[in-house]
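Visitor: Hi, I have a new model open on my screen. Could you walk me through it?
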Amino acid sequence: MTNTLTIIGSRAGSPGPEGPASGYHLATEYGRVLMDCGPGVLAGLTRERLHTDLDAVLVSHQHADHSADLAPLGYHRAFPVVRPPIPLLAPKGIEEYLAALDAVHGIPTLAELKTPIATQLPFTAIEPGRQYAVGDLLVDTLEAKHPVPTLSFRFPQLGLVYTADTALTDELIEFSRGARLLLAEATYVTPEGRNFDEHGHMSGIEAGRLAAEAAVEHLVLTHFSDFADADQTREYAHAQYDGPISLAQPGQRYRLSGSGAELRSA
Ligand SMILES: [Zn+2]
Ligand SMILES: [Zn+2]
């Protein structure tokens, strides 16, 4: 089968007219995974008819734009049709947040939904720096530079790296080295006047520098604060990196097998 990355949502902060916040679906010969589950992602998955194609969920961190649809996903796994639980892998330390979501969103009169996340998405705590297997799909993890525990993900069988939310670090460059497809956050257009490093984000400039220094084959920018600025963000990235650059948009599919990633449809 073809290994495919589908962009479900690429907005930072909140969903908008251009679609959901962070969400990315992987359909591969090794397994099917949702990466991040921000607001609007469940609707986007359903629109792409991928909502039942899930073996696991990876969540990079607890910020709402990456996790707010976890309880709705738990509902969806149990109502109206009860599906088997699937594992949720997320950073160690997120347990209290997940329990708080369950406490608020649990439905006491339905056994499957008293704790929708714990019951439908049983949690595995990820230690950054270790490799995990989701089915047959291998996932390497790196501690990102962000205000809360956050993971970057690398899929060595697919040549794919997803930075999640992070500032640019030397470790991230090493982690991304030689990726066929680098899905990199570019939250801001330009760093002028803002300290993005402490805030734990990149602009198009840092995303481009990361792609160049890690010598990746294809850069896909994502996590846009404002889509109106996305072309400008790409220009800043291009000034640093002369390889192909795409702007992640819902519904895009990237093929990950064969000779590198390529855009299949927009
Ligand atoms: Zn974010
Ligand atoms: Zn964040």
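This is a predicted model: local features need pLDDT of at least 70, side-chain atom pairs count only at pLDDT 80 or more; totals for chains, interfaces and linings use all residues.

Visitor: Thanks! How many helices and strands does the protein chain have?
Guide: There are 9 helices and 15 strands in the protein chain. Both are DSSP runs numbered from the N terminus: helices are H or I with at least four residues, strands are E with at least two. The radius of gyration, taken over C-alpha atoms, is 17 Å, close to the 18 Å that the globule rule gives for 266 residues, so the chain is as compact as a globular protein of that length. That rule is 2.2 Å times the number of residues to the power 0.38.

Visitor: And what share of the residues count as buried?
Guide: Of the 266 residues, 51% count as buried. Buried means 20 or more other C-beta atoms within 10 Å of the residue's own, exposed means 12 or fewer, and partly exposed is in between, with C-beta atoms placed from the backbone.

Visitor: Let's look at the sheet. In what order do the 7 strands come?
Guide: The order is S7-S8-S9-S10-S11-S12-S13, in an open sheet with mixed pairing. Strands pair if DSSP finds at least two bridges between them. Strand S7 (131-134) and strand S13 (245-247) are at the edges with a single partner strand each, so one side of each has no neighbour in the sheet. From one strand to the next, the twist averages 20°.

Visitor: How many bridges join S7 to S8?
Guide: 4 bridges, and the two strands run antiparallel. Gln131 stands opposite Asp140 in S8.

Visitor: Which strands does helix H8 lie across?
Guide: Helix H8 (residues 204-213) lies across strand S11 (181-185) and strand S12 (219-222), at about 155° to S11. Helix H9 (residues 230-240) also packs on the sheet, where it touches S12 and S13. Angles run from 0 to 180 degrees between N-to-C directions, and axes are lines fitted to C-alpha atoms, for helices over the stretch in contact.

Visitor: At what angle do H8 and H9 pack?
Guide: About 35°, with their axes 7 Å apart. Residues making the contact include Gly204 and Ala207 of H8 and Tyr236 and Ala237 of H9. Contact here means C-beta atoms, placed from the backbone, within 7 Å.

Visitor: New topic: why is helix H3 largely enclosed?
Guide: 7 of the 9 residues of H3 (residues 70-78) are buried, so the rest of the structure largely encloses this helix. Among the buried ones are Leu70, Tyr75 and Arg77. They pack against helix H1 (41-47), helix H2 (64-67), helix H4 (95-105) and helix H5 (116-120).

Visitor: I also clicked on Glu143. Buried or partly exposed?
Guide: Glu143 has 19 other C-beta atoms within 10 Å, so this residue is partly exposed. Glu143 lies in strand S8. Leaving aside neighbours within four places in sequence, Glu143 is in contact with Pro128, Gly129 and Leu151.

Visitor: Last one: what does Leu182 touch?
Guide: Not counting residues up to four places away in sequence, Leu182 touches Val161, Ser176, Ala211, Ala214, Val216, Leu219 and Val220.

Terms used: Residues are numbered from 1 along each chain as its sequence is written. Chains are lettered from A and ligands numbered from 1 in the order in which they are written. Two residues are in contact if their C-beta atoms, placed from the backbone, lie within 7 Å.
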